[in-house]
Amino acid sequence: MKETATHPNMEKIISLAKRRGFVFPGSEIYGGLAGTFDYGPYGVALKNNIKSLWWNMFVDLRDNMYGVDAAILMNTKVWESSGHIEGFSDPLIECKKCKHRFRADHVQKKPKKDAQGKVIEGEDVWTCEHCGTKNDMKEPQQFNMMFKTHAGASEDAMTVYLRPETAGGIFMNYKNVIDSVHPKLPFGIAQIGKAFRNEIAPRDFIFRLRELEQMEVEYFVRPDEWEQAFDEWRIRMHEYADIIGIAKDTLHELEVLPEDRAHYSKRTVDFEFDYPFGRKELWGLAYRTDFDLSVHEKSSGVELKYLDEATKEKFIPHVIEPSLGVDRTVLAVLLSAYREDDLGGDKRVYLAFPPAIAPVKAMVSPLLKNKPELVEKARSVYKDLKKVIPQIMWDDNGNIGKRYRRQDEIGTPFCITIDFDTLGETAELKDTVTLRDRDTGTQKRIAISDIARHITDVL
Ligand code: GAP
């Protein structure tokens, strides 16, 4: 994809993420571990803001939504019943020569051509991406993506799996929530947590990981109300995208074909984002019918029906599932926020995060760090603001221009500078500071007593 102001290439994002403490390769000093990344100080703050905004919109601001935080390790029967042990797999092919393994659906068969360059029908060629060998692949086989481990110390310790989706833990707590909170339909259970997939080919930075995080809702409805609920969550997902700074024209809905849907879904809409490596899935919205609760009821022997108190009718609710990957969201947000421009004759890079998700909301700084009276005043402004806006930071490293550029690169919306006018060098400017706007680089003077309100209004 062509690089534009709002669409940097991946190298720039990966380099900025590392340089500025957002995302680091996992276990880096040992050469890394494919499919794992670690979040650094600003990455954690950004991720936490993305998650808490999601929780706010999808849980706290709605009625009848309940949170859970289920164990990652679950009884193996959960995954037997849900169909994951049997069917959570990707097609794998292996090059006979170099033994490299690929996801068969990621390796394109290319048409064979004759000497004149004409396509020979029915004679497609597999080419190994690693060693270039043609047509020497083993037959594709299904590879289960669940990570296996053992619970317990005995020889015959039970095989358990790291959950491949957080949804499993939600279904396991459906009955607990009903019995303890007595919700009426429709209601939803939400969870944010880690999931693990032994991806054949982890790739594209934090796009395809082996250890990932999901924000999921299982929304339980009467069977005849699923379409209405599906459309409602679809709108909520677009609203959320908007709030975290993903532009409308970079997000596309894809109606997933029946043959491409997960085994539990009767309808799936993928929300695809224009990544630099192509238009790919960001989030999914699925109609899981009564599949999960039905199979768990059958396998466990525990009744999972809902009793409608009014009609005394008993039935298994149907489920709508908005499922959002945290890491793919972080990547889409970083790509959406990335900007390059010229400011005062200098090229600069900045991240135009919506203030609500910016890892740092404002930076406080004395104009000069070797003037104790400026430092003292700046420290007191910083201390007072931190009580109201915790995601605020102190920076007195290097000259003021360098500090601004650093803050631009981590997407800090405001920089507050304490100068000699703050101390009263110009009488009418006493107790005012300069407030710099990240996107325009312009500065205005504002009274110290007005800063907190100004920033919280924007947030
Ligand atoms: N519970 C439904 C479910 O897990 P999914 O489409 O397999 O559905 C949901 O995954 C979301 O999780 C995806 O839309 C994506 O955001 C994220 N996701 C899935 N696999 C991922 C991976 N290997 N690395 C990073 N994120 C992933």
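The structure is a predicted model, in which local features need pLDDT of at least 70 and side-chain atom pairs count only at pLDDT 80 or more, while totals for chains, interfaces and linings use all residues. Residues are numbered from 1 along each chain as its sequence is written, and side-chain values use heavy atoms, with hydrogens and water left out.

## Overall picture

The protein has 13 helices and 25 strands, these being DSSP runs numbered from the N terminus (helices are H or I with at least four residues, strands are E with at least two). Its C-alpha atoms fill a box of roughly 80 × 75 × 50 Å along the principal axes. Of the 459 residues, 49% count as buried, a word that stands for under 20% relative accessible area, whereas exposed stands for over 50% and partly exposed for what is in between (1.4 Å probe, protein chains only). Among contacts between residues at least 6 apart in sequence, 65% join residues at least 24 apart, a contact being heavy atoms within 4.5 Å.

## Two helix pairs

Two packed helices are described by the angle between their axes and the distance between the axes. Here the axes are lines fitted to C-alpha atoms, for helices over the stretch in contact, and the angles run from 0 to 180 degrees between N-to-C directions.

| Helix pair | Angle | Axis distance |
|---|---|---|
| H10 (residues 372–388) and H13 (residues 448–458) | about 35° | 10 Å |
| H2 and H7 (residues 226–243) | roughly 145° | within 11 Å |

In the pair H10 and H13, the contact is made by Lys-377, Val-381, Leu-385 and Val-388 of H10 together with Ile-448, Ile-451, Ala-452 and Thr-456 of H13. By class, this contact has six nonpolar, one polar and one charged residues, where Ala, Val, Leu, Ile, Met, Phe, Trp, Tyr, Cys and Pro count as nonpolar, Asp, Glu, Lys and Arg as charged, and the others, Gly among them, as polar.

H2 also passes H7 in a right-handed crossing. On the side of H2 the contact is made by Ile-50, Leu-53, Trp-54, Met-57 and Phe-58, and on the side of H7 by Trp-233, Arg-236, Met-237, Glu-239, Tyr-240 and Ile-243. These residues divide into nine nonpolar, no polar and two charged.

## Helix H2 and the cores

Helix H2 (residues 41–60) has 20 residues and reaches 26 Å from its first C-alpha to its last, close to the 28 Å expected at 1.5 Å a residue, the expected span being 1.5 Å times one less than the number of residues. Its buried residues include Leu-46, Ile-50, Leu-53, Trp-54, Met-57 and Phe-58. Leu-46 counts as buried because its relative accessibility is 0%. Leaving aside neighbours within four places in sequence, Leu-46 is in contact with Phe-22, Val-330, Val-333, Leu-334, Phe-353, Ile-357 and Pro-359. The C-alpha atoms of Leu-46 and Val-330 are separated by 7.6 Å, although the two residues are 284 residues apart along the chain.

A nonpolar core is a set of buried Ala, Val, Leu, Ile, Met, Phe, Trp, Tyr and Cys residues joined through side-chain atoms within 4.5 Å. Of the 68 residues in the largest such core, Trp-54, Phe-58, Tyr-240, Ile-246, Trp-283 and Phe-353 touch the most other members. Helix H9 (residues 326–337) gives the most to this core, with eight residues. Apart from it lies another core, of 19 residues, among them Ala-362, Tyr-382, Leu-385 and Ala-452.

## Backbone details

Most residues other than glycine have a negative phi, and most peptide bonds are trans. His-182, by contrast, has a positive phi, near 55°, and is found in the loop between H6 and S11. His-182 is exposed, because its relative accessible area is 54%. In the loop between helix H6 (174–181) and strand S11 (187–196) lies Pro-186 too, and a cis peptide bond, with omega about -5°, joins Leu-185 and Pro-186. Lys-312 has a positive phi of about 65° although it is not a glycine, and its place is in the loop between strand S16 (306–307) and strand S17 (314–315).

Key: A crossing is left-handed if the near helix is turned anticlockwise from the far one by less than a right angle, and right-handed if clockwise.
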